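Subject: Structure handover

Hello,

Please find the structure below, with the findings set out after it. Keep it open while reading.

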Amino acid sequence: MLAVSGVCVLPGPAMGEDCPEPVKLQSAAALPATTAPDEQQDIQLEMDSFEATREGLWNLEGDVGIKQGDREIKTSDATYDPEKQTFSTRSGVTYSDPGMKVQGSSADFDPNGSVTFEGAQFELPAQPARGSAARIRANKDGELSLDAVRYTTCPLGNDDWILKASDIDISQKSGIGTGRNVRLDFKGIPILYTPFISFPVSDQRKTGFLFPTFGTSSRSGTEIGVPWYWNIAPEYDATLLPTWYSKRGARLDSELRYLSPFGRGTLTADYLPDDQEFGDSRLLAHFADQSEFSQHLRLNIDAANVSDNRWFEDFGLGPEGTSASYLNRSANLIYLDHTWFASLLAQNFQVIDSTIDDFDRPYTLLPQLAVHAHAPGQPFGLTLNFDGELSNFLRNDGVTGMRLDVAPELRMPLRGAGLYLEPAASWRYTAYDLDDTAPGADRSPRRSAPIFSLDGGIAFEKNWGEGGKRLQTFEPRALYLYVPYRNQDALPVFDTDEPDLNPVQLFRTNRFIGADRLSNANQVSIGFTSRLLDTATGQQFIAGTIGQAIYFDEPTVTLPGMPLDDTESSDIVAELELTTFKDWNVSMGVQWDPGDMRSEKGDINLQYRPEVDRVANLGYRFRRDNIEQVDGSVAWPIGDRWGAYARMVYSLEENTTLDQFAGLEYRSCCWRLRFVGRRYVSNRDGDVDTSFLVQLELNGLSSVGVGADAFLERSIRGYSINRPGESN
């Protein structure tokens with residue numbers, strides 16, 4: 001028997017004389033790894049002493065260490081068989097690499113880099129997660145096999161949730177893990193069981209079931225859904241969500257996503273074969289595609305269809321669902337380069353608001369060809385612009401036909417330090433070829449008119465404050481506009497409307513959107529903007545704008561049924577944004593009628609947001625004779641573990657609550673539970689629906705229940721949920 005103490009390096013260019021020849025390992029030998037190993041690295045043995053027995057075995061005694069690169073095994077005693085090139089230990093062993101730490105009661109290592117741990121406890125520091133297994137088998141290729149597994153992301157001493165499985169196999173190479181007889185326990189109560197589960201252990205997509213969803217509402221009753229993800233191919237995938245409603249029956253939601261050589265797209269279909277509440281089958285389908293055939297040519301498709309006009313009332317997300325009046329169906333082929341923009345559009349709308357009169361429904365465009373050209377750098381510093389459009393309007397009721405609209409324009413941009421002056425002249429010509437007109441009406445009406453404008457502005461700047469750290473600007477702007485009056489009563493109204501007045505609209509050359517009306521004008525629009533900025537970062541603290549149009553000749557062109565205002569000026573519009581204080585911001589807007597000395601429209605929004613997960617909002621919206629609402633919302637932690645959510649939208653016009661919800665959240669170190677109760681107006685008749693959202697989120701695993709997190713982020717302005725894995 002030979003007893004030696006020291007360190008051996010296997011294999012190396014030169015062997016220490018204390019290491020007998022049989023210790024040399026084959027080049028394939030390596031320690032197991034959960035990360036990619038470097039097989040060229042030496043294996044180092046460290047021990048207090050070893051004994052060579054007559055049977056040819058080595059007994060490594062004392063503190064034994066086996067190391068290869070950043071992978072290391074430590075034990076108190078081990079046995080090495082030089083002939084078979086195997087190690088074994090029965091005295092407790094620890095293994096560590098960058099991706100995993102294991103403690104076992106015993107371990108066996110073979111020359112191919114495989115290891116078997118018995119009675120193992122493991123940690124995954126990157127997740128972080130931990131667990132135990134009766135047996136863990138691992139090899140140098142990163143393949144793991146675990147028997148009688150317990151897994152959690154809760155810290156040591158806390159088993160609030162445990163994932164149990166009879167066995168789990170993980171392949172780091174394929175990025176796939178599979179488990180059998182899997183059960184999820186929360187607070188000692190089983191909440192999920194599946195005989196088989198397949199899951200990704202990397203960013204790679206993997207076919208399999210996702211965690212179930214459930215919820216309840218007064219319209220549909222209790223709902224339970226089990227999503228299934230299908231990884232069809234690298235460029236295709238799909239998600240299927242079978243759902244059962246206690247009041248309605250079965251529903252299947254499906255989403256297909258794809259990538260093509262030119263772009264990407266999504267096809268969704270939500271289908272109820274027999275809605276027991278509605279009394280018939282129901283379907284909502286939506287297709288969206290964005291394709292770029294070249295640097296200059298692209299195609300956008302957006303098309304939806306619904307089986308009935310009650311769908312969004314039954315399955316919408318609140319009052320916003322009742323306001324959906326149309327579903328868009330459009331395909332738009334676009335060409336774009338440095339000079340030209342051209343689009344070929346086909347568009348139709350499905351009307352889902354039955355209260356809209358047939359003669360007020362939107363037209364179908366089949367098709368519309370629009371072009372825009374922008375050519376700066378012409379002689380004498382001129383810029384040449386051109387806008388043109390040829391549209392074919394179709395509808396079952398009312399006047400239909402084609403419309404040609406062209407507007408060449410010549411501009412002369414004059415720029416200086418802090419100022420600009422830009423005179424422009426254009427001619428707008430619009431012609432129609434109409435069908436289904438009234439008897440005796442002109443089927444080919446026309447309109448043409450020149451447009452003259454002179455736009456100018458100047459920017460004054462002043463540094464002030466300590467060290468000149470603040471920059472204040474004062475930016476007056478004026479636009480003179482002249483458009484002679486043309487009688488347009490004989491022209492149809494295909495797609496034209498008058499938008500809300502705001503500082504941008506104030507400086508447009510036509511107060512209407514659409515080619516069916518061209519407003520006469522002899523006016524000057526005046527606006528003033530002032531900002532307060534940080535000179536170092538450009539951060540804006542205060543910005544205010546006020547403007548008004550002064551009429552030398554009153555506008556007399558109107559849309560059918562629109563009253564004609566007898567006024568010498570437009571309403572005054574003003575906007576103010578304040579972010580002066582670190583956690584506060586305020587935005588305000590008002591439209592003031594100086595003739596009647598009253599406001600026509602107004603908005604005020606106040607927000608306090610000291611952290612990403614705590615915010616309080618208060619808003620007020622006013623539209624005379626239409627809307628007057630107060631909107632308040634809050635999301636705020638209560639102590640270290642609890643959080644509260646609430647929102648209320650109240651109509652002062654109708655003296656009723658349109659939407660309200662309140663919820664609580666409890667955050668543990670490895671899970672969180674959210675509960676939200678909601679009551680809201682769900683249709684145009686004022687019917688009220690009540691729903692409850694419950695979501696259990698397990699750190700590092702998934703969430704069970706309806707997506708309350710997405711609902712809260714959508715409903716509470718400025719709120720963002722800290723995701724699992726954060727520190728509390």
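Strand E45 and strand E46 (residues 688-698) pair in the antiparallel sense, with 11 bridges between them. This is a predicted model.

Is E45 enclosed or open? Of its 11 residues (671-681), 8 are buried, so the strand is largely enclosed by the rest of the structure.

**Salt bridges**

Side chains of opposite charge can pair when their charged atoms come close. The structure holds 47 salt bridges. Three of them are described here.

Arginine 183 pairs with aspartate 185, and their closest N and O atoms are 2.7 Å apart. Arginine 183 is partly exposed, at 32% relative accessible area, whereas aspartate 185 is buried, at 7%.

Arginine 257 and aspartate 237 form another salt bridge, with the closest N and O atoms 2.5 Å apart. This pair links distant parts of the chain: arginine 257 is in strand E22 (residues 249-259) and aspartate 237 in strand E21 (residues 236-245), 20 residues apart. Arginine 257 has a relative accessible area of 41% and is partly exposed. Aspartate 237, at 2%, is buried.

Aspartate 500 lies in the loop between strand E35 (470-483) and strand E36 (521-534), and lysine 601 is in strand E40 (residues 598-611), so the pair ties together parts that are 101 residues apart in sequence. Aspartate 500 is partly exposed, with 43% relative accessible area, and lysine 601 is partly exposed with 21%.

There is also a network: salt bridges with shared partners join Arg219, Arg248, Asp275, Arg282, Asp308, Arg310 and Asp314.

**A charged patch**

Which residues form the negative surface patch? They are Asp553, Glu554, Asp565, Asp566 and Glu568. Aspartate 553 belongs to strand E37 (residues 540-553). With 40% relative accessibility, aspartate 553 counts as partly exposed.

Regards

Notes:
Residues are numbered from 1 along each chain as its sequence is written. This is a predicted model: local features need pLDDT of at least 70, side-chain atom pairs count only at pLDDT 80 or more; totals for chains, interfaces and linings use all residues. Side-chain values use heavy atoms; hydrogens and water are left out. Patches are made of residues with over 30% relative accessible area and no salt bridge: like charges are joined within 9 Å, nonpolar side chains (Val, Leu, Ile, Met, Phe, Trp, Tyr) within 5 Å. Accessible areas come from the Shrake-Rupley method with a 1.4 Å probe; for residues, only the protein chains shown count as cover. A salt bridge is a side-chain nitrogen of Lys or Arg within 4 Å of a carboxyl oxygen of Asp or Glu. Lys and Arg count as positive and Asp and Glu as negative; His and the chain ends are not counted. The place of a charge is taken as NZ of Lys, CZ of Arg, CG of Asp or CD of Glu. Helices (H or I, at least four residues) and strands (E, at least two) are DSSP runs, numbered from the N terminus. Buried means under 20% relative accessible area, exposed over 50%, partly exposed in between (1.4 Å probe, protein chains only). Two strands pair if DSSP finds at least two bridges between them.
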